[in-house]
Every structure is written in structure tokens, then in C-alpha cells.
Amino acid sequence: MSTYKEIKGFKVQTLSADTATAGTSWSSGGNMNTARYNVGAAGTQTAALAYSGYAGAPVYGTTSPPSGSTNKTESYDGSSWTDVANLNQFRNHGISFGTQTAAILSSGISDYAPGPPYGRTTYTETESWNGSAWTEVNNIPTVLYRISAFGTSTAGITAAGAKNHPASDSSESYSWDGTNWTDGPNVNTPRSYQMGLGTSTAGMIVGGYIQSPASMIANTEIWNGSAWTEVNDLNTARRSGGASKIGSTSEGIVFGGSTPPTTAKTEVYNGTSWSETADLSIARVGMPGGVGIGTSALCFGGDGPPELSATEEFSVSTIADTNKNLGQVYYNSTANAFKVTKTIFGTGAWASGGNMPSARSARPTGAGTQTASVVFGGNPAGNVTLTYNGTAFSTPGNNLSDGRYNSIGLGTSTAAFNVGGVPTSTPTLSADTESWNGTSWTEVAEINTGRESLSASGNSPISAAVVFGGNTAPAVSALTELWNGSSWSEVADMNTARKKSGGFGTSTSSIVAGGYISTNSNAVESWNGTSWTEVTESGTKDNLAASGTSNTSGLIFGGSPFVAVTQQWDGSSWTELADLATARDQLGGTGNSVTTALAFGGRTPGGASAVTEEWTAPSSVGNQTIGTS
């Protein structure tokens, strides 16, 4: 006869003390001579080799050498980098593995710009390093880039990556025996931009990016010398991070990458699961993998942006002792208490950022993060596009085709949408959607119902997004429309029609907070990709801004009438945090987390504002007794 525990329960570990992570830390090393990312690399923490990479944006009309890529090679002795003999071929995103004195680089790409349009060259050439010079050897059979690899110069493994151009995800794996490439067993999940670590008989690929549907993944696969096996996922899905190889399947480390946004998070593998540990001091993406071992890793280069030369060295007492896992529930027999390991956020505060060149109210909007945002819309100057780099605004020069206020933005600083709103040239409501590629705007498919003062959530890249609510004049709307990568379709309405609300999350996990119905409201609803559910009300009503990742994690700030309050949502309740320095409504906000956000513009009692504020809340993984806050 089955017991209730067997049907519904789960095991809870009993420990005599709280979970803890072995002492780990990152410390500064010597800077590289050439700042770059998507670097080839080999070696250990005290004897490393860096070669190739992306050392700057392509220059139009430059094809020789291929603009953007480098052929420079540098050697690291544990304290400083020294330039050594260059590669024969300029390239980045290649296949790399080996040691400081015996390394391999194969395949990859070189970016150039003979047009427009922008172009790219792919390679199958392989080069071998003998400690003093590079020599061309046998080509790999297939063009692969954005790929992971590990092993030695006579026994290497490649896994997955992008294939051909335009890119498609690959599941192919190749082995290198020092002379020839041989097709091997495919990985289980085709992907690119993943991290690789290990040896030719004991390796791992971690995380990565899937082209369609566009998404970051946390999948981990182990290589035993003959086959790939899926094991426990990373805690944080990411791509283009760094990694340090394992001598067995009992230890490993990944760090940095894009979640998005760019992250400093580090995770260690203990043979069973991943645990978060000490963060990098600099969040970065596009670092090399396969350098060092799990207990003494090396991180260098990467993209902040801009291209980085900084080096960091990782040390740990023993990775095998790590047992702190986010979400772990256990019973502390000494304290006689059930506990959970969770992310604990600090108090958080707003600080002054660089102000906009001119004041804007009427809900200026934008997309991106605290350190990389694009801002547009609002009134006046609703067609002028601005970019923010974490310090100051600049004007890239390419504006919206039609200035709009009370529109809504979503996406990133290089892949954004502006949807709906009121054109400054006519009082009619707009159904237009314009897409920003980091340089210019292009009109794409219209939403089905033109409206203003609507809200939105979206994934990055924008292959899926959702817009909801707004004013259709004269009615306030509950309409929800979903973007599938090419068109908008109407889906389930909100329970309560509203405009001027705050929205955050993704196309399958969103929150709409507050808004104006027939009067100001603090009603909140949660979206699961199919339907809306009413949840706990917030303390703020309409004309607010928001930042967040999902329907369980986000911030709202500002609002009517001239509110300075900031509130955090944890999936069940709202908590008031530090106030904005400038109380305002009709403001704009970007960011996709509860730890960093950007507030800009809006309306104060004195009129439209140009003030920008940056939100930062430190976070850490700690243990907390269940039932306490």
C-alpha cells in the first residue's frame, strides 16, 4: 500500500549545520596586451595561451586584414601577458584547446564589412602551436564556430556550435588525434555559444543558446570518451561564459556570460549538481573556456562592453566540499529548524545617473539594462532615440519614423520594439511596431488594435513578446496580443481592463501592476503564457515604471500622483524598498532584474523631467529558516 509521502512527498536532508560553500574567490591578475573577446585559449592558471578573438568592431570597406578579428597570440605566466608569434589567420569564435606549449585553433569566422551589407567569412583551417610558432595542419571537415572544445593538442573534442552561415545550431562532435579530425557521436541538444571543459575522455558542455525558438539554456551534458549524457542543469541559463576543465566528472566551473544581461555569476559542479559561488569582479561575456582546472581557473578578456583586457584568477579550498544549492530544503538538527537556501537581496538604493539631454514626460519608454539601454518616445522629442551606457546618454542619429508618446518598449539595447502610442503628428492611436537593431528602426507587423498607454513584456532576442491593456479611445482595454517572431495575434484578455500600468517579465511569465480603469487602481495580474490570474495588489496605482525577469521577480517604481515609492515582487507579495530621489509619474524604466534598473524622465510637480536614477540591490545566496522573512 502506497504512503502519502511516496505519492506527494520528497526527501529532506538532515544536517548538523547550515549548508556552506567552500572558500572561493576571484582576484586580479595582469591585464592582456590586446583587449578582445571570443578568444581562443589553452593552458592553466599559471601557464596560459590566448590567441585570436574579436578585438573591435568591423570597419566598413576593410577586408584585409579582416576587420574586427585579430591574429595576436599572448602567453601568461601567472602574473603578466607577453606577446608571442601571431597566428597565420585572423579569426574569432574558433575551436581551441591544448596547453601553453602545444595548442590547437580550428574553424571560426572573420568579420568584415565590404558593403554594406555587413559580411562574414568562415574557415575550416586548423593551426597547431608548438610553443614558438603556428603551423597549418589538416582542416576540420565542417565550418563550426560559437563552439565549445576541450582536450590536448593530440586528443581534443569539439561539441555542438553554429554551423555554416547564416548560422544554424549543430549537434555534431569531432575528435582530433594530432593529425586528423574524425566525426564522433552527436550531443543530445543542438546549440551554440555553450561552454566546454574537460579532457578527451572526461568532458562537459554547459549552457548555450538555441537559435529557434531563440532562448538561453542551462542544459549540461557529460562526455565519457564514447557518449554524451545529460545531467543536472545550471542554476542560471547562460551563453558565452568562461569555463575551466575537469580532470574527471567530479569538478568543474563556469563563470560570466549572458543570461541576459551580462552576468558575473560563477557556478561550480561537484559531480552531481551546480552551486553558485563567488562572482567575478567584472560581469563579462565571450570569455574562453578550458583554461585551468576547477580549483584554479583563469578568466581573461571578454566583452563588458567594450572589449576587456582584465584578467581574474579563481581559487578554492576544495570544490568537493561545496554543498550550497539554491532552493535546497533541509533540516538543521542543531538549530531544530527547517531551512532553505535562497537568494537574499540587500536593501538596495537609487543613485544619480546621467540625465537625458532634454526633459520628457508622457511615458518615455525604452529597452535594455542599467548599463546598456535604448530610450525613445515621450513628449516632447518623441522620435529622438537615445542610448545609455551606464554613465551618459548619447544620440545615435537614427530616430523613429514617427515620434510617439504613451507607446511601450521592450527587448534589449540592440534588439528592441516600440509599440503603439500616440503619434506627435496626428491625434489618432497607433498600431505601429518599429524594430531597433542597434543602429536603425524598421517597421514590422502592426498590432491588431491600435492603442496608447499599453504595457509589455518580451524575451531577448525578440522572438516572443506580449503587449497588454491600453487605451483604445474611448474604452480602456483588456486586450492581450502575442508576438511569434513575425506577427501579432490576440490571446486571452486580462481580467481587468486598464491603461498606464507597469509590466515586466517574458512572453510566458509576466506581471501587470496597477493602472487606470475607471479610476486609479492597484490591481495586479500574473500571466503564464496562456491566461491571466489576479494576485496580490501593489501599493502603487497608475503611470508607474517597472523592471523584472518573470511573474515571480520584479520591481515597480514611481507613479501617480508624483510617487517615489519602489516595491519588489517575489511571486506572492510586495515589499517596499528605498524611494526614488525624485518623485514622479509618467516616467520610463528599463532593466530586467530586481537588482539593477534604470528610471528616466517623467513628470514632477514642476513639469517634465530629464532626471535619471540607477537602482542597485546587492544579492547573495544564504540560508534562511522557513517561515521567517
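Predicted model: local features only at pLDDT ≥ 70, side-chain atom pairs only at ≥ 80, totals over all residues.
This note goes through contacts, strands and one surface patch of the structure above, point by point.

1. Residues are numbered from 1 along each chain as its sequence is written, and side-chain values use heavy atoms, with hydrogens and water left out.

2. A search of the whole structure gives 25 aromatic pairs, where rings of Phe, Tyr and Trp (for Trp, its six-membered ring) pair if their centres lie within 6.5 Å, and where planes under 30 degrees apart count as stacked, over 60 as edge-to-face and the rest as tilted. One of these is the edge-to-face pair of Phe376 and Trp441, with 4.9 Å from centre to centre and 80° between the planes. Phe376 belongs to strand S33 (residues 373-376) and Trp441 to strand S41 (residues 441-444), so the pair ties together parts that are 65 residues apart in sequence; strands (E, at least two residues) and helices (H or I, at least four) are DSSP runs numbered from the N terminus.

3. Are the two partners of that pair buried or exposed? Phe376 counts as buried at 0% relative accessibility, and Trp441 is buried too, with a relative accessible area of 12%; buried means under 20% relative accessible area, exposed over 50%, and partly exposed in between, using a 1.4 Å probe and protein chains only.

4. Trp527 and Trp532 make a tilted aromatic pair, 5.1 Å from centre to centre and with 40° between the planes, and both residues are buried. Elsewhere, Trp26, Phe255 and Phe314 form one aromatic cluster.

5. In one of them Glu74 is joined to Arg36, and the closest N and O atoms are 2.8 Å apart. Because Glu74 lies in strand S5 (residues 73-76) and Arg36 in the loop between strand S2 (24-28) and strand S3 (40-43), the pair ties together parts that are 38 residues apart in sequence. Glu74 is buried with a relative accessible area of 0%, and Arg36 is buried with a value of 0%.

6. In another salt bridge, between Arg498 and Glu525, the closest N and O atoms are 2.9 Å apart. Arg498 is found in the loop between strand S45 (488-491) and strand S46 (502-506), and Glu525 in strand S48 (residues 520-527), so parts that are 27 residues apart in sequence are tied together; both residues are buried.

7. Asp585 and Arg603 also form a salt bridge, their closest N and O atoms being 2.8 Å apart. Here Asp585 is buried, with a relative accessible area of 0%, whereas Arg603 is partly exposed, with 31%.

8. Strands S32-S33-S34-S35 form, in that order, an open sheet of 4 strands with antiparallel pairing, and two strands are taken to pair if DSSP finds at least two bridges between them. Strand S32 (365-368) and strand S35 (393-394) stand at the edges with a single partner strand each, so one side of each is left without a neighbour in the sheet. S32 and S33 are joined in the antiparallel sense over 4 bridges, and Gly368 has Ser373 in S33 as its bridge partner.

9. In a regular strand the side chains alternate between the two faces of the sheet. In strand S22 (residues 242-245), Gly242 and Ser244 point one way and Ala243 and Lys245 the other, and all are buried. S22 pairs with strand S23 (residues 252-255) in the antiparallel sense over 3 bridges, Gly242 standing opposite Phe255, and runs parallel to strand S26 (residues 289-293), to which 2 bridges join it, with Ala243 opposite Gly289.

Definitions and conventions. Salt bridge = Lys/Arg side-chain N within 4 Å of Asp/Glu carboxyl O.
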